[in-house]
Amino acid sequence: MRIVAESLLPGAQVSEVARKHGATRWQIYDWRRRLRLRGELTPGESPGASFAPLVVEVRAEEPHVPAAKLEIAIGDIVVRTDAAIDGERLSRVIRAVRASRSSPPALI
């Protein structure tokens, strides 16, 4: 009864209590069951399920901002992209478009 009572203390681990007293955890579980069946272990002393509180963090949603669009017309060619494009990449695209307009079409 003393070993079962020790195993029911808050924070007690059945395997540690069993090892300390030279028993197995299954023996302690069996002793608990037998004591409950005989009415010698009240429901308050039974190792019922314990629950931790559930904490849910609610994040404030960021307002949806549509991506700004960028449209560049070079002659009859229109380049469309979003405003987040890297400046160097945009420069390469514009140079490529200008170069393609000034060179004759390639023969394949």
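The model is predicted, so local features need pLDDT of at least 70 and side-chain atom pairs count only at pLDDT 80 or more, while totals for chains, interfaces and linings use all residues. Residues are numbered from 1 along each chain as its sequence is written, and side-chain values use heavy atoms, with hydrogens and water left out.

**Salt bridges**

The count comes to 6 salt bridges. The criterion is a side-chain nitrogen of Lys or Arg within 4 Å of a carboxyl oxygen of Asp or Glu.

| Lys 20 | Glu 6 | 3.0 Å |

Lys 20 and Glu 6 link distant parts of the chain. Lys 20 sits in helix H2 (residues 14–20), Glu 6 in helix H1, and 14 residues separate them. Helices here are DSSP runs (H or I, at least four residues), strands likewise (E, at least two), numbered from the N terminus. Lys 20 is exposed, at 60% relative accessible area. Glu 6 is buried, at 18%. The classes are buried under 20% relative accessible area, exposed over 50%, and partly exposed in between (1.4 Å probe, protein chains only).

Arg 33 and Asp 30 both belong to helix H3. They are 3 residues apart, about one turn of the helix. Arg 33 is partly exposed, with a relative accessible area of 41%. Asp 30 is also partly exposed, at 23%. A network of salt bridges links Asp 30, Arg 33 and Arg 34.

Arg 38 is exposed at 55%.

**Aromatic pair**

The model has 1 aromatic pair. The ring centres of Trp 26 and Tyr 29 are 5.5 Å apart and the planes stand at 55°, so the pair is tilted. Rings of Phe, Tyr and Trp (its six-membered ring) pair if their centres lie within 6.5 Å; planes under 30 degrees apart are stacked, over 60 edge-to-face, and the rest tilted. Trp 26 and Tyr 29 are 3 residues apart in helix H3 (residues 25–37), so about one helical turn separates them. Trp 26 is exposed, with 58% relative accessible area. Tyr 29 is partly exposed, at 33%.

**A buried serine**

Ser 7 lies in helix H1 (residues 2–7). Its relative accessible area is 4%, so Ser 7 is buried. Leaving out residues up to four places away in sequence, Ser 7 touches Ala 12, Val 14, Val 17, Ile 28 and Arg 32. Contact means heavy atoms within 4.5 Å.

**Nonpolar patch**

Leu 54, Val 56 and Val 58 make a nonpolar surface patch of about 390 Å². Patch residues have over 30% relative accessible area and no salt bridge; like charges are joined within 9 Å, nonpolar side chains (Val, Leu, Ile, Met, Phe, Trp, Tyr) within 5 Å. Areas come from the Shrake-Rupley method with a 1.4 Å probe; for residues, only the protein chains shown count as cover. Leu 54 is placed in the loop between H3 and strand S1 (69–74). Leu 54 is exposed, at 76% relative accessibility.
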